[in-house]
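Keep the viewer open and follow along, one region at a time.

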Amino acid sequence: MINILFEKLPANVEIAGKFYKIATDFRDWIAFFDMMADENFDKKQKMLTALQWFIEEIPENIASAYHALTEFASCSKTKKISGKSDKNLSTPTLSWLYDSAYVLGAFRQVYGIDLIRTEYMHWWEFSALFEALPEDTPIKKRITYRQIKISDIKDKERRKQIVAIKKAVAFPHAPVSAEQTGEIFSF
């Protein structure tokens, strides 16, 4: 674990004892997560596309390279690892695409940082600032509502309120093509 307050943030990943330079700007890693969420790519395509995050040299072992990138993306070396994790939710609670305005607004509101005009910010710094956003910011509220399990709410009126809020903050569904519709209804 490193202390991001005084240790230099990495610009590379280690694979089989060799260091490889990678992209580190927060925009690159938001794009990485968008690529990972793209359902048009299968796992192999994602692994190959991820190699674009290497700057000078691409490692020979693609699986190890992909693993190193996903570990970098998770900022695991900046966080204490515990036995249980609330990050393993089956339903996504954040979309860098659909929540971008709320992320932009939160950084301006809380930190006075204009993410559009910021020339560079290391991914781990961005992630730490994002994680530290106050719970009362709209982005954190949206995430919190998306995490609520309706089945845990006993009061009918409160459940009704939460269902309405969850619908309001839900990610829009991609339009279904005629071909997909045909597949759904084919027997």
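Ala16 is exposed, because its relative accessible area of 83% is over 50%. This is a predicted model, so the values here are computed from its atoms. Ala16 sits in the loop that joins β1 to β2 (18–21). Its backbone is worth a look: the phi of Ala16 is near 50 degrees, a positive value in a residue other than glycine.

Cys75 also has a positive phi, of about 60 degrees, although it is not a glycine. You will find Cys75 in the loop between α3 and α4. Is Cys75 buried or exposed? With a relative accessibility of 1%, Cys75 counts as buried, since the cut-off is under 20%.

## The overall fold

Stepping back, the protein has 8 helices and 2 strands. Reading from the N terminus, the order of the elements is β-β-α-α-α-α-α-α-α-α.

Of the 187 residues in the protein, 31% are buried. Among the contacts with a separation of 6 or more, 57% are between residues 24 or more positions apart.

## A stacked pair of rings

How many aromatic pairs does a search of the whole structure find? The search finds 17. One of them is formed by Phe107 and Phe126: the ring centres are 4.9 Å apart and the planes meet at 10 degrees, so this pair is stacked. The angle decides the label, because planes under 30 degrees apart count as stacked.

The pair links distant parts of the chain, with Phe107 in helix α4 (residues 100–111) and Phe126 in helix α5 (residues 123–131), 19 residues apart. Both phenylalanines, Phe107 and Phe126, are buried.

## Charges over ring faces

Lys140 lies over the face of Phe130, at 5.8 Å from the ring centre. Arg142 is placed over the face of Tyr102, and here the distance to the ring centre is 4.0 Å.

Asp99 belongs to the loop between α3 (62–74) and α4. Its relative accessible area is 0%, so Asp99 is buried. Leaving out residues up to four places away in sequence, Asp99 touches Thr93, Leu94, Ile139, Arg142, Arg146 and Phe171.

Ala101, in helix α4, gives another view of this region. Is Ala101 buried or exposed? Its relative accessibility is 53%, so Ala101 counts as exposed. Ile139, one of the residues that Asp99 touches, can also be located from Ala101: their C-alpha atoms are separated by 8.9 Å, while the two residues are 38 residues apart along the chain.

## The second largest pocket

To finish, turn to the second largest pocket, which has a volume of about 390 Å³. Its lining is made by 18 residues, and those that lie nearest the centre are Asn12, Val13, Glu14, Glu71 and Lys77.

Which elements give two or more residues to the lining of this pocket? They are β1 (12–15) and α3. The largest share of the lining, 5 residues, comes from α3.

Methods
Residues are numbered from 1 along each chain as its sequence is written. This is a predicted model: local features need pLDDT of at least 70, side-chain atom pairs count only at pLDDT 80 or more; totals for chains, interfaces and linings use all residues. Side-chain values use heavy atoms; hydrogens and water are left out. Rings of Phe, Tyr and Trp (its six-membered ring) pair if their centres lie within 6.5 Å; planes under 30 degrees apart count as stacked, over 60 as edge-to-face and the rest as tilted. Helices (H or I, at least four residues) and strands (E, at least two) are DSSP runs, numbered from the N terminus. Buried means under 20% relative accessible area, exposed over 50%, partly exposed in between (1.4 Å probe, protein chains only). A charge sits over a ring if NZ of Lys or CZ of Arg is within 6 Å of the ring centre and within 35 degrees of the ring normal. Contact means heavy atoms within 4.5 Å. On a 1 Å grid over the protein atoms alone, a cavity is a set of points where a 1.4 Å probe fits but cannot get out, and a pocket is an open set with protein on both sides within 12 Å along at least five of seven lines; lining residues have an atom within 4 Å of a point. Grid points are joined across faces, edges and corners, and a volume is the space filled by probe spheres set on the points.
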